[in-house]
Amino acid sequence: MRVAFISDLHLDVNRIDPEKALGLFEAEIKRQAIDVLILAGDTFNSLEKTSDFVQTLAVKVGPGPRLFYLAGNHEMGSGESFETIEDFDDPHYLHKKYLDIGSHRLIGHNGWYDYSMDKNQHTIEEIASFKKRNWYDRRIKQPMTDQERMALAIAEMETMVEEAKKAGQKVVMVNHFSPLQAFVDQIPFRKSKMTILKAFLGSAFLGRDFVKWGVESSISGHLHLHPEKQQVAQTSFYNVALGYNRRRIMEWSGSDFYQEVTKRMLILDL
């Protein structure tokens, strides 16, 4: 089966007409004979809008292709409670769920961050203060620290991987936040003081765990970086973020939405 992944479409920030985006994905699913499509977070600045988008696309493509999504920090910042984000009632929502495709089990989890990508360049207090003053995620509601939230996420993912292994399935993990330090370290920060942003990009511990657990493939977004695949032991790490195309933040190679999507979309034959 052909499984496609892409994240960080930011349709509202990029001012892409949702109808245009729906038409593009409908055509691409048919053209590429895609069996499963996963939007790995930051489709809109709203969980409800992302849910509506995927449900509408599902109607357009009809029976056959299966469509899923995760929540990135931009969906999480639209006012929903932590409990809603964790257990949002939508069959297309892949968070803490899995899909078996032949000998592979595709596991979805939004993920989070624990400041480990910062590599102790800043204190926890400095990072927390920066987040409270400057970072988008300050609006996200949660009843625990970022470190506790990431520890919970890792425990949930470990349980799901163990269950997959017991079932004899090869594991493909899909997260929004990055699990690979090597990706984060490629970001060309123009100002050294902005390297503190690494703290909010994912968890280096998770990437090490993926390798330790024997995960076959890891697909994530969030970085808007477009790095090449990284192979660590038996684990292939991919980043599938599209990113921003705005006057102040130009992260596309061109200006055509269709070309950027087809360039950034990862398709695996499982």
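Predicted model: local features only at pLDDT ≥ 70, side-chain atom pairs only at ≥ 80, totals over all residues.
β1 and β2 run parallel and are joined by 4 bridges, with F5 standing opposite I38 in β2. On pairing with strand β3 (residues 66-69), β2 is again parallel, over 4 bridges; here L39 faces Y69 in β3. Strand β2 (residues 36-39) is covered on both faces. In a regular strand the side chains alternate between the two faces of the sheet. Accordingly, V36 and I38 lie on one side of β2 and L37 and L39 on the other, and all are buried.

A further sheet is open and contains 6 strands in the order β4-β5-β6-β7-β9-β8, with mixed pairing. Its edges are formed by β4 (97-101) and β8 (230-232), each of which pairs on one side only. On average, neighbouring strands of this sheet are turned by 20 degrees against each other, direction ignored.

Helix α6 (residues 146-166) touches β4, β5 (104-108) and β6 (170-174), and its direction makes about 165 degrees with that of β5. Helix α8 lies across β6, β7 (217-220), β8 and β9, and runs at about 145 degrees to β9.

The count of salt bridges in the model comes to 11. One of them lies within α8 (residues 204-213), where K212 and D209 are 3 residues apart, about one turn of the helix. Their side chains meet at 3.4 Å, N to O. K212 has a relative accessibility of 62% and is therefore exposed, as the value is over 50%. D209, at 14%, counts as buried because its value is under 20%. Elsewhere, salt bridges with shared partners join E86, D87 and K96 into one network. Within it, the closest N and O atoms of D87 and K96 are 3.7 Å apart. D87 is exposed, with a relative accessible area of 59%, whereas K96 is partly exposed at 28%. R105 forms another salt bridge, with D100, in which the closest N and O atoms are 2.7 Å apart. R105 is buried at 7% relative accessibility, while D100 is partly exposed at 37%.

An unreviewed UniProt entry carries the annotation "domain: Calcineurin-like phosphoesterase" for residues 1-224. In the model, this span is 38% helix and 14% strand, and its end C-alpha atoms lie 27 Å apart.

Methods
Residues numbered from 1 in each chain as written. Heavy atoms only, no water. UniProt positions renumbered as here; feature names shortened; annotations may be inferred. Helix = DSSP H or I, 4+ residues; strand = E, 2+ residues; numbered from the N terminus. Salt bridge = Lys/Arg side-chain N within 4 Å of Asp/Glu carboxyl O. Buried < 20%, exposed > 50% of the residue type's maximum accessible area, 1.4 Å probe, protein only. Pairing = 2+ DSSP bridges. Axes fitted to C-alpha atoms, helices over the stretch in contact; angles between N-to-C directions. Contact = heavy atoms within 4.5 Å.
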